[in-house]
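Open the structure in your viewer and keep the selection tool at hand. We will go stop by stop.

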Amino acid sequence: MARFSEDAGKAQRFDVNLSILFTELPLLERPAAAAAAGFTAVELWWPWIETPTPEQSELDALKKALDDAGTQLVGLNFYAGQLPGPDRGALSVPGEESDRFRANIDVAADFAASVGCKALNALYGNRVDGVDPAAQDELALENLVLAARAADRIGAILLVEALNKPESPLYPLVSAPAAVEVVDKVNEATGLGNAKFLLDLYHLSMNGEDLEAVIDAYAAKTGHVQIADNPGRGAPGTGDLDLSGLLTRLRDRGYEGWVGLEYKAGDRPSADSFDWLPRELRAAN
């Protein structure tokens, strides 16, 4: 079992993903639970999986929960279909799902602006039987350009994430180079330069990638980092990854952004899954 070094922890800015941790609680109770555990920053997948355009009252209630807890939202997904569930995004899926993604763009961006969130993650979407992959990629670029412009409007970055093939076999971006290629295409199309790579060490390790080489190649293009140990997608120290060493390497290569804790708590309450990180290192510095 790999251990997480305290020195590595001191150099990081951690946030808690409230769509995978504290899910034993209702959404509006999770920011306070994260704060009670010592964290001041959080991130979320799109919380309303049934709709890209929730009622303003629901958006207001989430903003109030974040504000009341004293937690800063530092990352938010655009609408991504049934996630958790079978979907892995909507923006490359022709028809209704693409339309739902487009309807969500300004809703998500405006909510992010209202809470000071500066990173919006756009999951690419699965391949669809009977649809030309090139057509899906063309649609994806169109939608990512719209999302990048909306992010730029609020002073935010657009994130493009690589997932892992074993768990997401229909998702086309299952390597760091594949995701970074899309990042580069979006930046070329917009001229804004605000598309960045979401580097998830768990997903890349599941793909068998050389994590040190990925960090060396793409740290400068990385806008957000997420971690979980492997195997198991548990907390640091439950698997074999040298997460403290990898995060130190990222810092050494110039990455100064957030590190999202996107792991499973296992068969214990989420609040008990942070014993690897001393409490004094949990608040964002």
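**Stop one: helix α3**

Select α3 and look at the side where Ser57, Lys64 and Asp68 sit: these three are exposed (over 50% relative accessible area, with a 1.4 Å probe and protein chains only; buried means under 20%, and partly exposed is in between). A word on the source: this is a predicted model, in which local features need pLDDT of at least 70 and side-chain atom pairs count only at pLDDT 80 or more, while totals for chains, interfaces and linings use all residues. Residues are numbered from 1 along each chain as its sequence is written, and side-chain values use heavy atoms, with hydrogens and water left out.

Helices here are DSSP runs of H or I with at least four residues, strands are runs of E with at least two, and both are numbered from the N terminus.

Now turn to the other side of α3. Leu59, Leu62, Ala65 and Leu66 are buried there. Viewed down the axis of α3, the buried residues fall within an arc of 125°, so they line one face of the helix. The arc is taken from the directions that run from the helix axis to the C-beta atoms. An α-helix has 3.6 residues a turn, so residues three or four places apart point the same way.

What do the buried residues of α3 pack against? Select α2 (30-36), β2 (41-44), β3 (72-77) and α4 to see these partners. Contact means heavy atoms within 4.5 Å.

Next, select Gly70, which follows α3 and has a positive phi near 75°.

**Stop two: α4 beside α5**

Select α4 (residues 96-115) and α5 (residues 133-153). Their axes come within 9 Å and cross at roughly 10°. The helices are therefore roughly parallel to each other (angles under 35 degrees; over 145 is roughly antiparallel, 65 to 115 roughly perpendicular, and the rest oblique). Axes are lines fitted to C-alpha atoms over the stretch in contact, and angles run from 0 to 180 degrees between N-to-C directions.

Show the side chains where the helices meet. On α4, pick out Phe101, Ile105 and Ala109, among others; on α5, the residues include Leu139, Leu146 and Ala150. The residues of this contact divide into seven nonpolar, two polar and five charged. Ala, Val, Leu, Ile, Met, Phe, Trp, Tyr, Cys and Pro count as nonpolar, Asp, Glu, Lys and Arg as charged, and the others, Gly among them, as polar.

**Stop three: two cis bonds**

Go to the loop between β3 and α4, where Pro84 is found. The peptide bond from Leu83 to Pro84 is cis, with omega near 5°.

Then jump to the loop between β7 (222-227) and α9 (243-252), the place of Pro231. A cis peptide bond joins Asn230 and Pro231, and omega is about 5°.

Stay in the loop between β7 and α9 and select Arg233. Its phi is near 55°, a positive value in a residue other than glycine. Is Arg233 buried or exposed? Arg233 is buried, at a relative accessible area of 11%.

Select Ser205 in helix α7 (residues 201-206). Ser205 touches Leu211, Asn230 and Leu241, leaving out residues up to four places away in sequence.

Move to Phe22, in the loop between β1 (13-17) and α2. Phe22 is not a glycine, yet has a positive phi of about 65°.

Finish at Phe197 in strand β6 (residues 195-200). Phe197 has 0% relative accessibility and counts as buried.
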